[in-house]
Amino acid sequence: MVRRAALLLVLAVLGCAPTTTTQAPPERPEARAEPARTQPRRPPPAFVQALAELERNPNLCLRLVGPRAEPVRKAMLRAARGRVDEARIVAETDPVEPVARSVEFHFFVPPAAPASGVGLHTIHAYMPQ
C-alpha cells in the first residue's frame, strides 16, 4: 500500500496521476435556431419564359393543358400584374388525367391576329408539379 501511494505521488508530481473526478467536456454553445426566412418560391423556368413571351409579343396567346392548368393560369395572371390580358391565357383542365402530370404550355396566334413575316411555330414546354 505504501508503494502504491508513493507511485501515485510520483505520478501526481509528473501530472499523470489518474483522478477520481472526471471533467466533463466543455459544453458547446448550442446553435441558435434562427427563424426560417421564408423566401418566395421561384417559379419554374418554363413559367417565367412563357410570361416573358406573352409580354413581349401582344399577338401571342397561351393554352395551358393539364389537370392543374387553372391554378397555373391564375398564378401567371398574378405574376403578370395586369401586363397580360387574361383572355390571352386559356386553361384546359382534363379531370381524367392524373394529377401528377405536368402542365403543358402551348403558344398560338389567334386567327384574327395579323400575321407577321416570321413563321410562328407551336412551342411546347412542360412544367413539373
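**Exercise 1.** What should the 12 residues of H3 span at 1.5 Å a residue, and how far apart are its end C-alpha atoms?

*Solution.* Before we start: this is a predicted model, where local features need pLDDT of at least 70, side-chain atom pairs count only at pLDDT 80 or more, and totals for chains, interfaces and linings use all residues. Residues are numbered from 1 along each chain as its sequence is written, and side-chain values use heavy atoms, leaving out hydrogens and water.

- Get the rule: the expected span is 1.5 Å times one less than the number of residues. Helices (H or I, at least four residues) and strands (E, at least two) are DSSP runs, numbered from the N terminus.
- Apply it: H3 should span 16 Å, and its end C-alpha atoms are 16 Å apart, which agrees.

**Exercise 2.** Work out which residues of H3 are buried and how they sit around the axis.

*Solution.* 

- Buried means under 20% relative accessible area (exposed is over 50%, partly exposed in between; 1.4 Å probe, protein chains only).
- Ala69, Val72, Arg73, Met76, Leu77 and Ala80 make the list.

**Exercise 3.** Describe His106 and its contact with Glu104.

*Solution.* 

- Find His106 in strand S3, residues 103-108.
- With a relative accessible area of 15%, His106 is buried.
- Its side chain makes a polar contact of 2.9 Å with that of Glu104. Such a contact is a pair of N or O atoms within 3.5 Å; within protein, one must be able to donate a hydrogen and the other to accept it, and residues adjacent in sequence count only if both atoms are side-chain atoms.

Notes. Arc of directions from axis to C-beta.
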